[in-house]
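Biologist: I have some questions about the terms used for this chain. Let us take them one at a time.

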Amino acid sequence: MLFSLTRRQAAVYMTRGDYEELSGRADALEHTALGQSLQAELARAIMAPDRSTRAFVRLGSTVVYEDLESGTTHRLTLCLPEDARPDDGRLSVLTPVGSALIGGTVGGVFEYVAGGGRIRHLRILEVIDEG
């Protein structure tokens, strides 16, 4: 199943640590739609200090978002693929939703194209940092 992803041009924030971690992974996936989408997010990221008080989605953040088509809300923690446990609410940043969420801020609306070409719109409602 192929996925592609786009995001409206809202600001994307990233810590230097997340940027470096994700850059290597995006480079390894550069010939895939997901890798190209992640590279695009990284290219326009605004660097924030690791201890930034700005609320934005980073690795380890718990995110509450609304699916604007269905009206349902979801809560997940964004993580690296090796730490993903979907049944426990831990979603990999290297999924279409995870890649779209990284760097987003509360109130941000993004879209991604899921399997079958369905476009989904999601709004970030809350970001809770792990620390």
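Predicted model: local features only at pLDDT ≥ 70, side-chain atom pairs only at ≥ 80, totals over all residues.

Biologist: What makes β4 and β5 a pair?

Modeller: Pairing takes at least two bridges. β4 and β5 have five, so they count as paired. Val-63 has Leu-76 as its bridge partner in β5, and Glu-66 has Thr-73.

Biologist: What lies between β4 and β5?

Modeller: Five residues separate them, and the two strands form a hairpin. Gly-71, in the turn, has a positive phi of about 80°.

Biologist: How do you know that β4 pairs with β8?

Modeller: Count the bridges again. Six join β4 to strand β8 (residues 119-128), in the antiparallel sense. At least two are needed, so this is a pair. The partner of Glu-66 in β8 is Arg-123.

Biologist: In which sense do β5 and β6 pair, parallel or antiparallel?

Modeller: Parallel, over three bridges, with β6 spanning residues 90-92. Cys-79 has Ser-92 as its bridge partner in β6.

Biologist: Why is β4 called mostly covered?

Modeller: Buried means under 20% relative accessible area. Five of the six residues in β4 are buried, so the strand is mostly covered.

Biologist: Which residues of helix α2 are buried?

Modeller: In α2 (residues 33-43), they are Leu-34, Gly-35, Ser-37, Leu-38, Glu-41 and Leu-42.

Biologist: Why do you say the buried residues of α2 line one face?

Modeller: Seen down the axis of α2, they fall within an arc of 165°, so they line one face of the helix.

Notes. Residues numbered from 1 in each chain as written. Heavy atoms only, no water. Buried < 20%, exposed > 50% of the residue type's maximum accessible area, 1.4 Å probe, protein only. Helix = DSSP H or I, 4+ residues; strand = E, 2+ residues; numbered from the N terminus. Arc of directions from axis to C-beta.
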